[in-house]
Structures are given as C-alpha cells and as structure tokens.
Amino acid sequence: MERSLVLIKPDAIKRGLATTILSRLETHRLKLVGLKMLHVDKAMAELHYAVHKEKPFFDDLIDFITSSPIVAAVFEGEGAVENIRKLMGNTNPAKADVGTVRWDFGIDIQQNATHSSDSLETAKKEIKLFFKDSEIFDY
Ligand code: CMP
C-alpha cells in the first residue's frame, strides 16, 4: 500500500491545528501508520529541502521549518501521495481550492501549514529521513 510523509509546519503547530489537520486526513480514507513531534535541526532541514537549495527562499525556509517543533506523520492508502496533495491544495494558499487544508489554514506561500511528499519516490526518501522502520506500524 502507498505511503506518504506529512509535516505539520510551525505556523500550524503554533495555532494548535495539528490534530485538526491529522483528523482531516484520517477521515479521508488515509490510515495513520506513523506519528511524532520533533524539532528539526538545520542539518535535517537542509537534507529534507535539498531540492530547493538553489532557490532564493531556501535560507528563509530552513529558518522557518526549524523555528518550532513540528509534527511528522506517515499516512497509508490507495493513491496516498496524490490524494494527500489534493487534500492539502496548492502550495500557495492564495491559489488553493476552497475546502483544502491550505485554503482553510495556510497564511502565505511559506507559512502554508503542511508539507506532503510530491511523488512515491520522494515519499520513500522522506519517510526514511523522519522515521525508523520500527516507528511505522502495520495494523
Ligand atoms: P513545501 O510543500 O514544504 O515544499 C517546499 C516549501 O518551500 C513549500 O512548501 C513552501 O513552504 C516553500 N516555498 C515554496 N515556494 C516558495 C516561495 N516562492 N517563497 C517562499 N517559500 C516558498
């Protein structure tokens, strides 16, 4: 079964939205199989966002994601990667469809409440960065 990584970012954590967002995924045919709260350090943030290293917003993004604890979750389901991205909405909350997580809770393109894996290949790498095999559950 397909798995994807979801991060609840500092802006959503600070506004007490973690369980609201997790619940939205759980009630949309996605099974929670891994969950933790952690404070990502600079090295881990740079690994996670390595693909954006050359972008002008990279340093700000690293500062932002390391600015408070975040919640990391692994969800499982048929088409999980694509379905989660649909539920989250456009990266830029101003362009997100009504009813998506980012429409409801995003502030701006950086403080956009969540991150989710953009492909199955990326999901595998991202899950490995955040979770040990023993922290993901079959049930
Ligand atoms: P995320 O899905 O975590 O993937 C990369 C992140 O970079 C993205 O969400 C945004 O938080 C951030 N991002 C993307 N584009 C921009 C931009 N133009 N300016 C600032 N931050 C951005």
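Predicted model: local features only at pLDDT ≥ 70, side-chain atom pairs only at ≥ 80, totals over all residues.

Residues are numbered from 1 along each chain as its sequence is written, and side-chain values use heavy atoms, with hydrogens and water left out.

**Ligand site**
- The ligand sits in the largest pocket; to sit there, more than half of its atoms must lie within 2 Å of the pocket's grid points.
- Lys9, Tyr49, His52, Phe57, Leu61, Thr91, Arg102, Ile109, Gln110, Asn112 and His115 are around the ligand, each with a heavy atom within 4 Å of it.
- This shell has four nonpolar, five polar and two charged residues. Ala, Val, Leu, Ile, Met, Phe, Trp, Tyr, Cys and Pro count as nonpolar, Asp, Glu, Lys and Arg as charged, and the others, Gly among them, as polar.

**Polar contacts** (pairs of N or O atoms within 3.5 Å)
- The Tyr49 side chain has an N or O atom 2.6 Å from a ligand oxygen.
- For the Lys9 side chain, the distance from an N or O atom to a ligand oxygen is 2.8 Å.
- Gln110 uses a backbone N or O atom, 3.2 Å from a ligand oxygen.
- The protein covers 79% of the 460 Å² of accessible area that the ligand has on its own (Shrake-Rupley method, 1.4 Å probe).

**Largest pocket**
- A pocket is an open set of points on a 1 Å grid over the protein atoms alone, where a 1.4 Å probe fits, with protein on both sides within 12 Å along at least five of seven lines; lining residues have an atom within 4 Å of a point.
- The volume is about 650 Å³, taken as the space filled by probe spheres set on the points.
- Of its 23 lining residues, Tyr49, Val51, His52, Leu61 and His115 are the closest to the centre.
- Helix H3 (42-48), strand S4 (114-116) and helix H7 (120-130) each give two or more lining residues. Helices have at least four residues and strands at least two, as DSSP runs.
- H7 gives the most, with four residues.

**Second largest pocket**
- Its volume is about 200 Å³.
- H7 again supplies the largest share of the lining, five residues.
- The lining divides into six nonpolar, no polar and six charged residues.

Note on methods. Polar contact = N/O pair within 3.5 Å; in protein donor to acceptor, adjacent residues only side chain to side chain.
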